[in-house]
Amino acid sequence: MADTRILTPGRSEWFSTLAVWSAAALVTGFFLWVLWDIVSHGFSQISWSFLTTESEKAGRAGGIGPVLVSTLLVVLVCLAVSLPIGLATAVLLSEYTPEDSLFGRLVRRSLDVLSGVPSIVFGLFGNALFCKALGMGFSILSGGLTLACMVLPLLIRATEEGFRSVPLDYRTSAAALGMSRSSTLFHLLLPAATPGLVVGLVLSIGRAIAETAVLIFTSGYVSRWPESLMDSGRTLSIHIYDLSMNVSGGNANAYATSLVLVVLLLVINMTSSWMAERWLHRRIVLL
Amino acid sequence: MSRSRNDAILIWTLRVFTAIAGAIVLLIVGFLIVESIPVLKSVGLSRFFTDPSWHPARNISNSDETYGLAPMITGTLISMALSVLVATPLGVLSAVFCHYYAPPTIARYYRRLIEVLAGIPSVVYGFWGLMVLVPAIGRIHPPGPSLLAAVIILIIMIIPTIALMADSSLANVPPAYLRGAVALGLSRWGTIRHVVFPAAKSGLFTGVILETGRAIGETMAVLMVAGNMVQTPKSIFDPIRTLTANVALEMAYAMGDHRSALFVSGLVLLAMIVALVSAAEWIGKGRIYG
(Lines give C-alpha, C1' and ligand atoms only; values in the text may rest on other atoms or scores of the structure.)
Protein backbone atom coordinates (compact mmCIF):
# COMPACT_ATOMS: atom_id res chain seq x y z
CA MET A 1 0.00 0.00 0.00
CA ALA A 2 2.76 2.40 1.00
CA ASP A 3 4.24 1.61 -2.36
CA THR A 4 1.50 3.48 -4.18
CA ARG A 5 2.19 6.68 -2.27
CA ILE A 6 5.38 7.30 -4.23
CA LEU A 7 3.51 9.74 -6.45
CA THR A 8 4.30 13.37 -5.78
CA PRO A 9 2.00 16.31 -6.48
CA GLY A 10 2.91 18.50 -9.43
CA ARG A 11 3.09 22.27 -9.15
CA SER A 12 -0.18 23.30 -10.76
CA GLU A 13 -2.47 20.54 -9.58
CA TRP A 14 -4.22 22.28 -6.72
CA PHE A 15 -7.54 21.80 -8.48
CA SER A 16 -7.44 18.01 -8.75
CA THR A 17 -6.07 17.72 -5.21
CA LEU A 18 -8.91 19.90 -3.98
CA ALA A 19 -11.45 17.78 -5.90
CA VAL A 20 -10.17 14.53 -4.43
CA TRP A 21 -10.12 15.80 -0.84
CA SER A 22 -13.54 17.45 -1.14
CA ALA A 23 -15.10 14.29 -2.62
CA ALA A 24 -13.83 12.37 0.40
CA ALA A 25 -14.99 15.11 2.78
CA LEU A 26 -18.43 15.19 1.16
CA VAL A 27 -18.94 11.43 1.51
CA THR A 28 -17.73 11.48 5.12
CA GLY A 29 -19.95 14.47 5.87
CA PHE A 30 -23.09 12.82 4.54
CA PHE A 31 -22.33 9.67 6.48
CA LEU A 32 -21.87 11.56 9.74
CA TRP A 33 -25.04 13.56 9.06
CA VAL A 34 -27.17 10.43 8.58
CA LEU A 35 -25.62 8.68 11.56
CA TRP A 36 -25.88 11.69 13.86
CA ASP A 37 -29.53 12.20 12.93
CA ILE A 38 -30.40 8.59 13.77
CA VAL A 39 -28.37 8.48 16.99
CA SER A 40 -29.46 11.85 18.36
CA HIS A 41 -33.17 11.15 17.82
CA GLY A 42 -33.14 7.47 18.66
CA PHE A 43 -30.85 7.10 21.61
CA SER A 44 -33.16 8.49 24.29
CA GLN A 45 -35.94 6.04 23.32
CA ILE A 46 -33.89 2.91 23.74
CA SER A 47 -34.39 0.97 26.94
CA TRP A 48 -34.63 -2.63 28.01
CA SER A 49 -38.42 -2.48 27.94
CA PHE A 50 -38.36 -1.02 24.40
CA LEU A 51 -36.40 -4.05 23.23
CA THR A 52 -38.61 -6.61 24.95
CA THR A 53 -42.22 -5.43 24.98
CA GLU A 54 -44.93 -5.58 22.36
CA SER A 55 -45.77 -2.46 20.36
CA GLU A 56 -48.95 -0.56 21.17
CA LYS A 57 -51.16 1.84 19.18
CA ALA A 58 -49.87 0.56 15.83
CA GLY A 59 -46.27 1.15 16.94
CA ARG A 60 -46.58 4.70 18.28
CA ALA A 61 -45.93 3.42 21.80
CA GLY A 62 -44.51 0.28 23.28
CA GLY A 63 -41.51 -1.68 22.10
CA ILE A 64 -40.17 -3.94 19.38
CA GLY A 65 -39.94 -7.32 21.15
CA PRO A 66 -42.01 -9.34 18.66
CA VAL A 67 -40.34 -7.52 15.76
CA LEU A 68 -36.90 -8.60 16.96
CA VAL A 69 -38.10 -12.20 17.35
CA SER A 70 -39.64 -12.22 13.85
CA THR A 71 -36.44 -10.77 12.38
CA LEU A 72 -34.41 -13.50 14.08
CA LEU A 73 -36.77 -16.23 12.82
CA VAL A 74 -36.75 -14.94 9.24
CA VAL A 75 -32.94 -14.87 9.26
CA LEU A 76 -32.76 -18.38 10.74
CA VAL A 77 -35.07 -19.79 8.04
CA CYS A 78 -33.03 -17.99 5.40
CA LEU A 79 -29.75 -19.46 6.66
CA ALA A 80 -31.14 -22.96 7.22
CA VAL A 81 -32.03 -23.12 3.52
CA SER A 82 -29.25 -21.11 1.90
CA LEU A 83 -26.38 -22.68 3.87
CA PRO A 84 -26.59 -26.26 2.49
CA ILE A 85 -27.37 -25.11 -1.06
CA GLY A 86 -24.71 -22.40 -1.02
CA LEU A 87 -22.05 -24.65 0.46
CA ALA A 88 -22.74 -27.47 -1.97
CA THR A 89 -22.67 -25.11 -4.94
CA ALA A 90 -19.43 -23.49 -3.82
CA VAL A 91 -17.79 -26.90 -3.29
CA LEU A 92 -18.86 -28.17 -6.68
CA LEU A 93 -17.90 -25.00 -8.55
CA SER A 94 -14.52 -24.51 -6.92
CA GLU A 95 -13.37 -28.12 -6.41
CA TYR A 96 -15.06 -30.45 -8.84
CA THR A 97 -15.85 -28.39 -11.92
CA PRO A 98 -13.28 -27.50 -14.59
CA GLU A 99 -13.21 -23.79 -15.45
CA ASP A 100 -14.48 -24.40 -18.95
CA SER A 101 -17.26 -26.92 -18.28
CA LEU A 102 -20.64 -25.95 -19.69
CA PHE A 103 -22.55 -26.74 -16.50
CA GLY A 104 -20.19 -24.60 -14.41
CA ARG A 105 -20.39 -21.68 -16.78
CA LEU A 106 -24.19 -21.84 -16.93
CA VAL A 107 -24.49 -21.87 -13.14
CA ARG A 108 -22.05 -18.98 -12.77
CA ARG A 109 -23.88 -16.97 -15.40
CA SER A 110 -27.18 -17.59 -13.70
CA LEU A 111 -25.72 -16.54 -10.33
CA ASP A 112 -24.40 -13.34 -11.94
CA VAL A 113 -27.89 -12.48 -13.10
CA LEU A 114 -29.39 -13.53 -9.76
CA SER A 115 -27.14 -11.12 -7.88
CA GLY A 116 -28.41 -8.25 -10.02
CA VAL A 117 -32.12 -9.03 -9.68
CA PRO A 118 -33.81 -6.10 -7.89
CA SER A 119 -35.11 -6.98 -4.44
CA ILE A 120 -38.66 -6.02 -5.36
CA VAL A 121 -38.59 -8.67 -8.10
CA PHE A 122 -37.60 -11.24 -5.47
CA GLY A 123 -40.62 -10.02 -3.54
CA LEU A 124 -42.93 -10.60 -6.52
CA PHE A 125 -41.41 -14.02 -7.11
CA GLY A 126 -41.67 -15.07 -3.46
CA ASN A 127 -45.24 -13.91 -3.33
CA ALA A 128 -46.14 -15.91 -6.44
CA LEU A 129 -44.22 -19.08 -5.54
CA PHE A 130 -44.18 -19.45 -1.75
CA CYS A 131 -47.27 -17.47 -0.70
CA LYS A 132 -49.61 -18.41 -3.54
CA ALA A 133 -48.43 -21.51 -5.44
CA LEU A 134 -47.12 -23.41 -2.40
CA GLY A 135 -49.87 -22.06 -0.17
CA MET A 136 -47.69 -20.74 2.65
CA GLY A 137 -49.45 -17.38 2.74
CA PHE A 138 -47.84 -14.34 4.35
CA SER A 139 -45.54 -16.09 6.76
CA ILE A 140 -42.08 -16.04 8.28
CA LEU A 141 -41.39 -19.21 6.29
CA SER A 142 -42.20 -17.56 2.91
CA GLY A 143 -40.11 -14.52 3.82
CA GLY A 144 -37.11 -16.58 4.90
CA LEU A 145 -37.24 -18.78 1.80
CA THR A 146 -37.39 -15.75 -0.51
CA LEU A 147 -34.46 -14.17 1.31
CA ALA A 148 -32.53 -17.42 0.93
CA CYS A 149 -32.81 -17.08 -2.86
CA MET A 150 -31.54 -13.52 -2.60
CA VAL A 151 -28.44 -14.15 -0.45
CA LEU A 152 -27.27 -17.26 -2.35
CA PRO A 153 -24.92 -15.49 -4.82
CA LEU A 154 -23.21 -13.61 -1.98
CA LEU A 155 -22.85 -16.72 0.16
CA ILE A 156 -21.53 -18.83 -2.71
CA ARG A 157 -19.02 -16.18 -3.71
CA ALA A 158 -17.56 -15.84 -0.19
CA THR A 159 -17.43 -19.61 0.33
CA GLU A 160 -15.67 -20.10 -3.01
CA GLU A 161 -13.14 -17.52 -1.86
CA GLY A 162 -12.56 -19.67 1.22
CA PHE A 163 -11.90 -22.77 -0.87
CA ARG A 164 -9.59 -20.85 -3.16
CA SER A 165 -7.43 -19.85 -0.20
CA VAL A 166 -6.71 -23.52 0.58
CA PRO A 167 -3.28 -24.36 -0.90
CA LEU A 168 -3.19 -26.75 -3.86
CA ASP A 169 -0.69 -28.97 -1.98
CA TYR A 170 -3.49 -30.16 0.30
CA ARG A 171 -5.34 -31.67 -2.63
CA THR A 172 -2.37 -33.23 -4.35
CA SER A 173 -1.05 -34.67 -1.08
CA ALA A 174 -4.45 -36.14 -0.30
CA ALA A 175 -4.62 -37.69 -3.77
CA ALA A 176 -1.08 -39.08 -3.37
CA LEU A 177 -2.11 -40.68 -0.09
CA GLY A 178 -5.02 -42.34 -1.86
CA MET A 179 -7.74 -40.51 0.06
CA SER A 180 -11.14 -40.58 -1.57
CA ARG A 181 -12.63 -37.33 -2.79
CA SER A 182 -15.28 -37.32 -0.11
CA SER A 183 -12.85 -37.80 2.75
CA THR A 184 -10.54 -35.17 1.25
CA LEU A 185 -13.50 -32.80 1.27
CA PHE A 186 -14.76 -33.53 4.77
CA HIS A 187 -11.45 -33.95 6.59
CA LEU A 188 -9.22 -31.52 4.74
CA LEU A 189 -10.87 -28.93 2.52
CA LEU A 190 -13.96 -28.17 4.56
CA PRO A 191 -12.13 -27.38 7.81
CA ALA A 192 -9.62 -25.28 5.93
CA ALA A 193 -12.31 -23.36 4.05
CA THR A 194 -14.53 -22.72 7.06
CA PRO A 195 -13.37 -19.08 7.48
CA GLY A 196 -14.69 -18.19 4.03
CA LEU A 197 -17.95 -19.87 4.82
CA VAL A 198 -18.33 -17.99 8.10
CA VAL A 199 -17.55 -14.65 6.47
CA GLY A 200 -20.15 -15.43 3.81
CA LEU A 201 -22.69 -16.33 6.47
CA VAL A 202 -22.15 -13.09 8.37
CA LEU A 203 -22.41 -11.05 5.17
CA SER A 204 -25.62 -12.89 4.28
CA ILE A 205 -27.10 -12.19 7.70
CA GLY A 206 -26.33 -8.50 7.19
CA ARG A 207 -27.96 -8.48 3.77
CA ALA A 208 -31.00 -10.36 5.05
CA ILE A 209 -31.56 -8.07 8.03
CA ALA A 210 -31.27 -4.94 5.89
CA GLU A 211 -33.85 -6.11 3.38
CA THR A 212 -37.33 -4.61 3.19
CA ALA A 213 -38.74 -4.84 -0.31
CA VAL A 214 -38.42 -8.64 -0.44
CA LEU A 215 -40.41 -9.05 2.74
CA ILE A 216 -43.39 -6.69 2.45
CA PHE A 217 -45.42 -9.18 0.47
CA THR A 218 -43.88 -12.39 1.69
CA SER A 219 -43.58 -12.19 5.48
CA GLY A 220 -46.13 -9.43 5.92
CA TYR A 221 -46.88 -6.76 8.49
CA VAL A 222 -48.24 -8.47 11.62
CA SER A 223 -46.50 -7.18 14.75
CA ARG A 224 -47.75 -9.69 17.33
CA TRP A 225 -45.49 -12.31 18.94
CA PRO A 226 -45.02 -15.01 16.28
CA GLU A 227 -46.20 -18.43 17.45
CA SER A 228 -45.01 -20.55 14.54
CA LEU A 229 -43.13 -20.18 11.26
CA MET A 230 -46.48 -20.05 9.46
CA ASP A 231 -47.39 -16.80 11.24
CA SER A 232 -46.85 -13.50 9.52
CA GLY A 233 -44.19 -11.41 11.22
CA ARG A 234 -42.73 -7.99 10.52
CA THR A 235 -38.99 -7.48 10.58
CA LEU A 236 -37.13 -4.41 11.88
CA SER A 237 -36.87 -2.77 8.48
CA ILE A 238 -40.56 -3.26 7.68
CA HIS A 239 -41.35 -1.82 11.12
CA ILE A 240 -39.37 1.34 10.25
CA TYR A 241 -41.05 1.60 6.87
CA ASP A 242 -44.54 1.13 8.30
CA LEU A 243 -44.04 3.58 11.18
CA SER A 244 -42.64 6.32 8.98
CA MET A 245 -45.01 5.98 6.00
CA ASN A 246 -48.32 4.69 7.36
CA VAL A 247 -48.49 5.70 11.02
CA SER A 248 -48.60 9.39 11.89
CA GLY A 249 -46.77 10.04 15.13
CA GLY A 250 -44.63 6.95 14.76
CA ASN A 251 -41.41 8.82 14.05
CA ALA A 252 -39.94 8.62 17.54
CA ASN A 253 -40.20 4.85 17.59
CA ALA A 254 -39.05 4.67 13.96
CA TYR A 255 -35.87 6.52 14.95
CA ALA A 256 -35.29 4.15 17.87
CA THR A 257 -35.85 1.10 15.64
CA SER A 258 -33.48 2.54 13.01
CA LEU A 259 -30.82 2.94 15.67
CA VAL A 260 -31.26 -0.68 16.76
CA LEU A 261 -31.03 -1.84 13.15
CA VAL A 262 -27.98 0.28 12.34
CA VAL A 263 -26.12 -0.83 15.49
CA LEU A 264 -26.96 -4.46 14.71
CA LEU A 265 -25.61 -4.06 11.17
CA LEU A 266 -22.49 -2.24 12.32
CA VAL A 267 -21.69 -5.11 14.66
CA ILE A 268 -22.28 -7.66 11.88
CA ASN A 269 -20.26 -5.64 9.38
CA MET A 270 -17.28 -5.20 11.67
CA THR A 271 -17.35 -8.85 12.69
CA SER A 272 -17.25 -9.95 9.08
CA SER A 273 -14.43 -7.64 8.00
CA TRP A 274 -12.45 -8.46 11.14
CA MET A 275 -12.85 -12.17 10.43
CA ALA A 276 -12.01 -11.73 6.76
CA GLU A 277 -8.81 -9.88 7.61
CA ARG A 278 -7.83 -12.30 10.32
CA TRP A 279 -8.66 -15.53 8.55
CA LEU A 280 -8.74 -15.17 4.81
CA HIS A 281 -5.55 -13.20 4.30
CA ARG A 282 -3.49 -15.50 6.47
CA ARG A 283 -2.25 -18.91 5.52
CA ILE A 284 -4.06 -21.52 7.54
CA VAL A 285 -1.41 -23.46 9.46
CA LEU A 286 -3.34 -25.91 11.58
CA LEU A 287 -6.12 -28.13 10.42
CA MET B 1 -8.16 -40.40 -7.56
CA SER B 2 -10.04 -43.34 -6.21
CA ARG B 3 -13.58 -43.76 -7.36
CA SER B 4 -15.53 -45.04 -4.43
CA ARG B 5 -19.30 -45.26 -4.22
CA ASN B 6 -19.30 -42.48 -1.64
CA ASP B 7 -17.61 -40.19 -4.11
CA ALA B 8 -20.28 -40.76 -6.69
CA ILE B 9 -23.01 -40.07 -4.14
CA LEU B 10 -21.22 -36.94 -2.99
CA ILE B 11 -20.75 -35.54 -6.48
CA TRP B 12 -24.35 -36.19 -7.44
CA THR B 13 -25.66 -34.60 -4.25
CA LEU B 14 -23.55 -31.53 -4.94
CA ARG B 15 -24.81 -31.44 -8.51
CA VAL B 16 -28.44 -31.53 -7.40
CA PHE B 17 -27.93 -28.64 -4.96
CA THR B 18 -25.99 -26.66 -7.55
CA ALA B 19 -28.72 -27.23 -10.10
CA ILE B 20 -31.21 -25.81 -7.58
CA ALA B 21 -29.05 -22.71 -7.09
CA GLY B 22 -28.68 -22.29 -10.83
CA ALA B 23 -32.37 -22.80 -11.49
CA ILE B 24 -33.59 -19.98 -9.23
CA VAL B 25 -33.16 -17.39 -11.96
CA LEU B 26 -35.16 -19.57 -14.36
CA LEU B 27 -37.83 -20.01 -11.69
CA ILE B 28 -38.03 -16.25 -11.18
CA VAL B 29 -38.37 -15.58 -14.91
CA GLY B 30 -40.86 -18.44 -15.22
CA PHE B 31 -43.09 -17.24 -12.41
CA LEU B 32 -43.02 -13.64 -13.61
CA ILE B 33 -44.08 -14.79 -17.08
CA VAL B 34 -46.79 -17.14 -15.80
CA GLU B 35 -48.25 -14.41 -13.59
CA SER B 36 -48.07 -11.88 -16.43
CA ILE B 37 -49.88 -14.04 -18.99
CA PRO B 38 -53.48 -13.14 -18.01
CA VAL B 39 -53.02 -9.44 -18.61
CA LEU B 40 -50.81 -9.97 -21.66
CA LYS B 41 -53.59 -12.08 -23.19
CA SER B 42 -56.37 -9.60 -22.50
CA VAL B 43 -54.44 -6.38 -23.07
CA GLY B 44 -51.30 -7.18 -25.01
CA LEU B 45 -47.76 -6.06 -24.38
CA SER B 46 -47.71 -2.95 -26.54
CA ARG B 47 -50.31 -1.06 -24.50
CA PHE B 48 -47.92 -1.08 -21.54
CA PHE B 49 -45.72 1.25 -23.54
CA THR B 50 -48.30 3.24 -25.52
CA ASP B 51 -51.10 3.91 -23.00
CA PRO B 52 -50.87 7.48 -21.73
CA SER B 53 -51.56 6.79 -18.07
CA TRP B 54 -51.58 4.11 -15.37
CA HIS B 55 -55.07 3.20 -14.12
CA PRO B 56 -54.95 -0.59 -13.94
CA ALA B 57 -57.89 -0.87 -11.54
CA ARG B 58 -61.28 0.10 -12.97
CA ASN B 59 -62.02 3.56 -11.62
CA ILE B 60 -65.29 5.16 -10.52
CA SER B 61 -66.29 6.68 -13.85
CA ASN B 62 -66.10 3.12 -15.18
CA SER B 63 -63.88 4.08 -18.06
CA ASP B 64 -61.44 1.48 -19.36
CA GLU B 65 -58.29 0.56 -17.52
CA THR B 66 -55.05 1.95 -18.86
CA TYR B 67 -51.68 0.31 -18.41
CA GLY B 68 -49.08 2.92 -19.42
CA LEU B 69 -45.78 2.13 -17.77
CA ALA B 70 -44.03 4.93 -19.68
CA PRO B 71 -44.13 7.55 -16.88
CA MET B 72 -42.65 5.06 -14.42
CA ILE B 73 -39.98 3.90 -16.87
CA THR B 74 -39.08 7.56 -17.46
CA GLY B 75 -38.95 8.11 -13.70
CA THR B 76 -36.64 5.14 -13.22
CA LEU B 77 -34.35 6.10 -16.11
CA ILE B 78 -34.06 9.79 -15.19
CA SER B 79 -33.34 9.16 -11.53
CA MET B 80 -30.87 6.43 -12.49
CA ALA B 81 -29.04 8.61 -15.04
CA LEU B 82 -28.74 11.66 -12.77
CA SER B 83 -27.58 9.68 -9.75
CA VAL B 84 -25.02 7.66 -11.72
CA LEU B 85 -23.73 10.88 -13.30
CA VAL B 86 -22.99 12.41 -9.89
CA ALA B 87 -22.06 9.29 -7.94
CA THR B 88 -19.47 7.97 -10.43
CA PRO B 89 -16.95 10.84 -10.12
CA LEU B 90 -17.49 11.02 -6.35
CA GLY B 91 -16.98 7.29 -5.93
CA VAL B 92 -13.94 7.10 -8.19
CA LEU B 93 -12.35 10.12 -6.48
CA SER B 94 -13.04 8.44 -3.13
CA ALA B 95 -11.02 5.44 -4.26
CA VAL B 96 -8.26 7.67 -5.63
CA PHE B 97 -8.21 9.43 -2.25
CA CYS B 98 -7.75 6.11 -0.48
CA HIS B 99 -4.91 4.98 -2.71
CA TYR B 100 -2.86 8.04 -3.62
CA TYR B 101 -3.78 11.00 -1.41
CA ALA B 102 -4.73 10.01 2.12
CA PRO B 103 -2.13 9.09 4.73
CA PRO B 104 -2.32 5.32 5.39
CA THR B 105 -4.21 5.62 8.69
CA ILE B 106 -6.89 7.90 7.26
CA ALA B 107 -7.15 5.70 4.18
CA ARG B 108 -7.82 2.66 6.36
CA TYR B 109 -10.58 4.39 8.34
CA TYR B 110 -12.07 5.89 5.20
CA ARG B 111 -12.26 2.47 3.54
CA ARG B 112 -13.93 1.04 6.63
CA LEU B 113 -16.42 3.92 6.53
CA ILE B 114 -17.34 3.19 2.92
CA GLU B 115 -17.89 -0.47 3.80
CA VAL B 116 -20.19 0.57 6.63
CA LEU B 117 -22.06 2.93 4.31
CA ALA B 118 -22.59 0.05 1.91
CA GLY B 119 -24.20 -1.98 4.68
CA ILE B 120 -26.73 0.59 5.93
CA PRO B 121 -30.19 -0.61 4.89
CA SER B 122 -32.13 1.32 2.28
CA VAL B 123 -35.07 1.82 4.61
CA VAL B 124 -32.83 3.77 7.01
CA TYR B 125 -31.60 6.03 4.18
CA GLY B 126 -35.21 6.46 3.13
CA PHE B 127 -36.30 7.34 6.64
CA TRP B 128 -33.47 9.87 6.95
CA GLY B 129 -34.50 11.34 3.59
CA LEU B 130 -38.10 11.58 4.74
CA MET B 131 -37.21 13.32 8.00
CA VAL B 132 -34.35 15.59 6.90
CA LEU B 133 -34.01 15.85 3.13
CA VAL B 134 -37.64 16.19 2.05
CA PRO B 135 -38.47 19.03 4.50
CA ALA B 136 -35.26 20.81 3.48
CA ILE B 137 -36.15 20.59 -0.23
CA GLY B 138 -39.71 21.62 0.61
CA ARG B 139 -38.41 24.87 2.11
CA ILE B 140 -36.48 25.72 -1.06
CA HIS B 141 -39.15 24.68 -3.53
CA PRO B 142 -42.41 22.96 -2.46
CA PRO B 143 -43.66 20.23 -2.36
CA GLY B 144 -40.48 18.51 -1.19
CA PRO B 145 -40.94 14.85 -2.15
CA SER B 146 -39.39 15.01 -5.59
CA LEU B 147 -37.08 13.71 -8.26
CA LEU B 148 -34.31 15.71 -6.57
CA ALA B 149 -34.83 13.96 -3.23
CA ALA B 150 -34.83 10.57 -4.96
CA VAL B 151 -31.63 11.40 -6.84
CA ILE B 152 -29.80 12.59 -3.70
CA ILE B 153 -30.79 9.47 -1.75
CA LEU B 154 -29.74 7.26 -4.68
CA ILE B 155 -26.38 9.04 -4.92
CA ILE B 156 -25.64 8.37 -1.26
CA MET B 157 -26.69 4.76 -1.67
CA ILE B 158 -24.69 3.93 -4.79
CA ILE B 159 -21.45 5.77 -3.94
CA PRO B 160 -20.22 2.85 -1.78
CA THR B 161 -20.82 0.43 -4.68
CA ILE B 162 -18.71 2.35 -7.19
CA ALA B 163 -16.15 3.38 -4.53
CA LEU B 164 -15.48 -0.21 -3.38
CA MET B 165 -15.29 -1.49 -6.96
CA ALA B 166 -12.97 1.36 -8.01
CA ASP B 167 -10.90 0.74 -4.88
CA SER B 168 -10.27 -2.89 -5.75
CA SER B 169 -9.51 -2.15 -9.40
CA LEU B 170 -7.01 0.58 -8.43
CA ALA B 171 -5.39 -1.95 -6.10
CA ASN B 172 -4.84 -4.20 -9.12
CA VAL B 173 -2.87 -1.61 -11.10
CA PRO B 174 0.66 -3.02 -11.31
CA PRO B 175 3.04 -1.02 -9.06
CA ALA B 176 5.60 -1.09 -11.88
CA TYR B 177 3.35 1.27 -13.89
CA LEU B 178 3.48 3.79 -11.05
CA ARG B 179 7.24 3.51 -10.65
CA GLY B 180 7.59 3.93 -14.38
CA ALA B 181 5.45 7.05 -14.29
CA VAL B 182 7.48 8.50 -11.41
CA ALA B 183 10.70 7.71 -13.27
CA LEU B 184 9.38 9.60 -16.28
CA GLY B 185 8.67 12.59 -14.06
CA LEU B 186 4.91 12.49 -14.31
CA SER B 187 3.06 14.36 -11.59
CA ARG B 188 0.56 12.68 -9.24
CA TRP B 189 -2.62 13.72 -11.03
CA GLY B 190 -1.00 13.20 -14.41
CA THR B 191 -0.15 9.62 -13.45
CA ILE B 192 -3.64 8.97 -12.14
CA ARG B 193 -5.28 10.35 -15.26
CA HIS B 194 -3.04 8.91 -17.90
CA VAL B 195 -1.68 5.74 -16.32
CA VAL B 196 -3.95 4.55 -13.49
CA PHE B 197 -7.37 5.22 -15.04
CA PRO B 198 -6.59 3.53 -18.38
CA ALA B 199 -5.07 0.54 -16.56
CA ALA B 200 -8.09 0.19 -14.26
CA LYS B 201 -10.64 0.91 -17.00
CA SER B 202 -12.47 -2.40 -17.07
CA GLY B 203 -12.87 -2.54 -13.30
CA LEU B 204 -14.21 1.00 -13.25
CA PHE B 205 -16.71 0.14 -15.98
CA THR B 206 -17.88 -2.86 -14.00
CA GLY B 207 -18.37 -0.56 -11.02
CA VAL B 208 -20.52 1.77 -13.10
CA ILE B 209 -22.61 -1.17 -14.30
CA LEU B 210 -23.10 -2.40 -10.73
CA GLU B 211 -24.11 1.00 -9.39
CA THR B 212 -26.51 1.47 -12.31
CA GLY B 213 -28.12 -1.86 -11.42
CA ARG B 214 -28.50 -0.74 -7.83
CA ALA B 215 -30.02 2.58 -8.91
CA ILE B 216 -32.59 0.79 -11.10
CA GLY B 217 -33.45 -1.79 -8.47
CA GLU B 218 -33.60 0.39 -5.38
CA THR B 219 -37.12 0.39 -3.99
CA MET B 220 -37.78 1.47 -0.42
CA ALA B 221 -35.55 4.55 -0.12
CA VAL B 222 -36.83 6.02 -3.38
CA LEU B 223 -40.43 5.18 -2.55
CA MET B 224 -40.16 7.04 0.75
CA VAL B 225 -38.89 10.32 -0.70
CA ALA B 226 -40.02 10.56 -4.34
CA GLY B 227 -43.67 11.55 -3.86
CA ASN B 228 -44.88 8.67 -6.08
CA MET B 229 -47.11 10.64 -8.43
CA VAL B 230 -47.50 8.90 -11.79
CA GLN B 231 -46.25 11.62 -14.12
CA THR B 232 -43.39 12.53 -16.37
CA PRO B 233 -41.43 15.11 -14.35
CA LYS B 234 -41.12 18.60 -15.85
CA SER B 235 -38.62 19.87 -13.34
CA ILE B 236 -36.30 18.38 -10.77
CA PHE B 237 -38.72 19.42 -8.01
CA ASP B 238 -41.64 17.38 -9.41
CA PRO B 239 -42.68 14.18 -7.63
CA ILE B 240 -42.00 11.01 -9.60
CA ARG B 241 -42.81 7.33 -9.30
CA THR B 242 -40.33 4.62 -10.27
CA LEU B 243 -41.11 1.11 -11.57
CA THR B 244 -39.97 -0.49 -8.32
CA ALA B 245 -41.94 1.89 -6.11
CA ASN B 246 -45.03 1.24 -8.25
CA VAL B 247 -44.86 -2.47 -7.50
CA ALA B 248 -44.21 -1.96 -3.79
CA LEU B 249 -47.07 0.52 -3.43
CA GLU B 250 -49.78 -1.38 -5.29
CA MET B 251 -48.96 -5.04 -4.72
CA ALA B 252 -50.70 -5.04 -1.33
CA TYR B 253 -54.19 -4.52 -2.77
CA ALA B 254 -53.82 -5.47 -6.46
CA MET B 255 -56.24 -8.09 -7.81
CA GLY B 256 -56.72 -9.86 -11.14
CA ASP B 257 -55.37 -7.97 -14.16
CA HIS B 258 -53.91 -5.29 -11.93
CA ARG B 259 -51.79 -7.82 -10.03
CA SER B 260 -50.82 -9.38 -13.32
CA ALA B 261 -49.80 -5.96 -14.65
CA LEU B 262 -47.43 -5.49 -11.72
CA PHE B 263 -45.69 -8.72 -12.69
CA VAL B 264 -45.26 -7.25 -16.17
CA SER B 265 -43.43 -4.31 -14.62
CA GLY B 266 -41.30 -6.85 -12.74
CA LEU B 267 -40.43 -8.38 -16.12
CA VAL B 268 -39.50 -4.96 -17.50
CA LEU B 269 -37.19 -4.42 -14.50
CA LEU B 270 -35.62 -7.81 -15.02
CA ALA B 271 -35.10 -7.07 -18.72
CA MET B 272 -33.23 -3.87 -17.79
CA ILE B 273 -30.95 -5.81 -15.43
CA VAL B 274 -30.25 -8.56 -17.97
CA ALA B 275 -29.37 -5.89 -20.53
CA LEU B 276 -26.96 -4.35 -18.01
CA VAL B 277 -25.32 -7.66 -17.10
CA SER B 278 -24.88 -8.47 -20.79
CA ALA B 279 -23.32 -5.04 -21.31
CA ALA B 280 -20.96 -5.77 -18.44
CA GLU B 281 -19.94 -9.11 -19.96
CA TRP B 282 -19.48 -7.46 -23.29
CA ILE B 283 -17.21 -4.84 -21.77
CA GLY B 284 -15.07 -7.68 -20.63
CA LYS B 285 -15.04 -8.56 -16.95
CA GLY B 286 -16.29 -12.04 -16.21
CA ARG B 287 -17.93 -12.60 -12.84
CA ILE B 288 -19.48 -9.59 -11.18
CA TYR B 289 -21.68 -11.04 -8.48
CA GLY B 290 -21.09 -10.58 -4.78
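I began with chain B, whose secondary structure comes to 12 helices and two strands, where helices (H or I, at least four residues) and strands (E, at least two) are DSSP runs numbered from the N terminus. Following the sequence, I read the pattern α-α-β-β-α-α-α-α-α-α-α-α-α-α.

I noted that this is a predicted model, in which local features need pLDDT of at least 70 and side-chain atom pairs count only at pLDDT 80 or more, while totals for chains, interfaces and linings use all residues. Residues are numbered from 1 along each chain as its sequence is written, and chains are lettered from A and ligands numbered from 1 in the order in which they are written.

I then looked up burial, and of the 290 residues of chain B, 50% count as buried, meaning that 20 or more other C-beta atoms, placed from the backbone, lie within 10 Å of a residue's own.

Next I turned to the largest nonpolar core, which has 177 residues; such a core is a set of buried Ala, Val, Leu, Ile, Met, Phe, Trp, Tyr and Cys residues joined through C-beta atoms within 7 Å. Helix 6 (residues 147–171) of chain B gives the most to this core, with 19 residues. F97(B) is among the residues with the most contacts inside the core, and leaving aside residues up to four places away in sequence, I found F97(B) touching V20(A), W21(A), A23(A), A24(A), A102(B) and Y110(B), contact being C-beta atoms, placed from the backbone, within 7 Å.

Last, I checked helix 5 of chain A against helix 1 of chain B, where residues including F125(A) and L129(A) meet residues including F31(B) and E35(B).

Methods. Buried ≥ 20, exposed ≤ 12 C-beta atoms within 10 Å, placed from the backbone. Contact = placed C-beta atoms within 7 Å.
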